[in-house]
Amino acid sequence: MPGFSTRAIKAASRVPRVPQPPVNVPIYQTSTFEVADAAELAGLLEFEREGHSYSRHSNPTHAALEDALAELEGADAGVATASGMAAAHAAVLSILSSGDELLMPTAVYGGMLGLARRVLDRSGIATSAVDTTDIEAVAAAIGPRTRLLWLETISNPTTAVADVEALAELAHARDVLVAVDNTFASPALCTPLALGADLVVHSTTKYIGGHSDLIGGALLGSADRVAAARAVVVNAGGNASPFDAFLALRGLKTLAMRMERHSSNALAVAQALEGADGIAAVRYPGLVSHRQHDLAQRVLRDGMAGGMLAIELAGGREHGERFLERVRVAVHATSLGGVETLVSHPASSSHRQLRAADLASAGMSPGMVRVSIGLEESADLIEDLAAAARPA
Ligand SMILES: Cc1ncc(COP(=O)(O)O)c(C=O)c1O
């Protein structure tokens, strides 16, 4: 009879047979999978046969999230990643090589600037920026080396809305592919592939997870494009963790309901704060005063505009920083898309890399604060944010 340690390892590794499917996708917390022979493993590692070999390559919990997101985004396939930035990295590197150029919005999530300046630049991939709300400017900015146009459905943090349909038509006519970061809208509000995008990227850390308790990302598109992106993820080690994939799956189940409440809360707050003491402007695509309100109504579903708004405080940078210290219901923290309202000051956090002139050309004033409206009572949020904005 084998010794205790041998028996313990065997006994504790026996996977249960489950005749009744569990209601939730189990967390397959395993790094590796047993195979019958060398040919099986080789086939799995090359994705030539169905199944899983090693969790950097694939894992059943990742696969469940990939399939769910692909279905909701109207994609053939998807790959779940360790973070939104791992998905962005895979999207860019699966399309661009040294000598190519990425064209992105001037108003873009700061992490994309970090990717461009600290990673792509060193790999010989150039980046240029353009105001993607100006179609003629985008046409003029596409050069002979441009291979990919990056868009955000709703931009972080300025809430500019991308006319994905018009921009995809323009880009495709010039042999340029289009990737859309759909993090702010989520598939509950917009499905960019249906508007002509080639790839959709998500930080599942945000609305898809919805509870500020995971870091994850995903990339969705055609089978070929996702296979190319998966090759980057597998070889660069950007795969998701099974537990985070499980949390993202759990979040997906209530995404539609949460987006409705985020949207109705954000609209109520935006309307109440517009013109309030100490506030120069409120930028929210659901407001009639938003310069792309009509486009937002077309691009986003059922008149909803999501939970993100930008507030321009009248007193500049100091006012922005003071606002963060004065909130009581909202929490001063980076990130967004959770059940709790979060406030941040892009000029000193997510967009700290930008100089004053770059901030201005991206549409950000020094006193702009970003608010991720949560699921609390809107009256409590209005009272809290209005008090925090009031001049000292
Ligand atoms: C619009 C947008 N895209 C991508 C990311 C990156 O996501 P992650 O932090 O999961 O890498 C963020 C993070 O804030 C974001 O706001």
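**View 1. Packing of helices H4 and H9 in the predicted model.** Helix H9 covers residues 223-236, and the angle at which H4 packs with H9 is about 120°, with the two axes 8 Å apart. Angles from 65 to 115 degrees would count as roughly perpendicular and those over 145 as roughly antiparallel. H4 is therefore oblique to H9. The crossing in which H4 passes H9 is right-handed. On the H4 side the contact involves His89, Ala90 and Leu93, which meet Ala229, Val232, Val233 and Ala236 of H9. By class, six residues of this contact are nonpolar, one is polar and none is charged.

**View 2. Packing of helices H3 and H10.** H3 spans residues 60-73 and packs with H10 at an angle of about 35°, the axes being 8 Å apart. The two helices make a left-handed crossing. H3 contributes Thr61, His62, Ala64, Leu65, Ala68, Leu69 and Leu72 to the contact, while H10 contributes Pro242, Ala245, Phe246, Ala248, Leu249 and Leu252. Of the residues in the contact of H3 with H10, 11 are nonpolar and two are polar, with no charged residues.

**View 3. The aromatic pair Phe243 and Phe246 in helix H10.** One aromatic pair is counted with ring centres within 6.5 Å as the criterion. The ring centres of Phe243 and Phe246 are 6.3 Å apart and the ring planes lie at 15°, so the pair is stacked. Both residues belong to H10 (residues 242-253), where a spacing of three residues separates Phe243 from Phe246 by about one helical turn. Phe246 is also one of the H10 residues in the contact with H3.

**View 4. The seven-stranded sheet.** The sheet is open and mixed in its pairing, with the strand order E1-E7-E6-E5-E4-E2-E3. Strand E1 (77-81) and strand E3 (126-130) are the edge strands, each pairing on one side only. On average, neighbouring strands are turned by 20° against each other, direction ignored.

**View 5. Strands E2 and E3.** E2 (residues 101-105) and E3 run parallel and are joined by five bridges. Leu102 has Thr127 in E3 as its bridge partner.

**View 6. Helices H4 and H7 on the sheet.** H4 (residues 84-93) lies across E1, E2, strand E4 (146-152), strand E6 (199-203) and strand E7 (217-221), and its direction is at about 160° to E6. Helix H7 (residues 164-173) also packs on the sheet, where it touches E4 and strand E5 (177-181). The directions of H7 and E5 make an angle of about 155°.

Terms used: Residues are numbered from 1 along each chain as its sequence is written. This is a predicted model: local features need pLDDT of at least 70, side-chain atom pairs count only at pLDDT 80 or more; totals for chains, interfaces and linings use all residues. Side-chain values use heavy atoms; hydrogens and water are left out. Two strands pair if DSSP finds at least two bridges between them. Helices (H or I, at least four residues) and strands (E, at least two) are DSSP runs, numbered from the N terminus. Axes are lines fitted to C-alpha atoms, for helices over the stretch in contact, and angles run from 0 to 180 degrees between N-to-C directions. Contact means heavy atoms within 4.5 Å. Angles under 35 degrees count as roughly parallel, over 145 as roughly antiparallel, 65 to 115 as roughly perpendicular and the rest as oblique. A crossing is left-handed if the near helix is turned anticlockwise from the far one by less than a right angle, and right-handed if clockwise. Ala, Val, Leu, Ile, Met, Phe, Trp, Tyr, Cys and Pro count as nonpolar, Asp, Glu, Lys and Arg as charged, and the others, Gly among them, as polar. Rings of Phe, Tyr and Trp (its six-membered ring) pair if their centres lie within 6.5 Å; planes under 30 degrees apart count as stacked, over 60 as edge-to-face and the rest as tilted.
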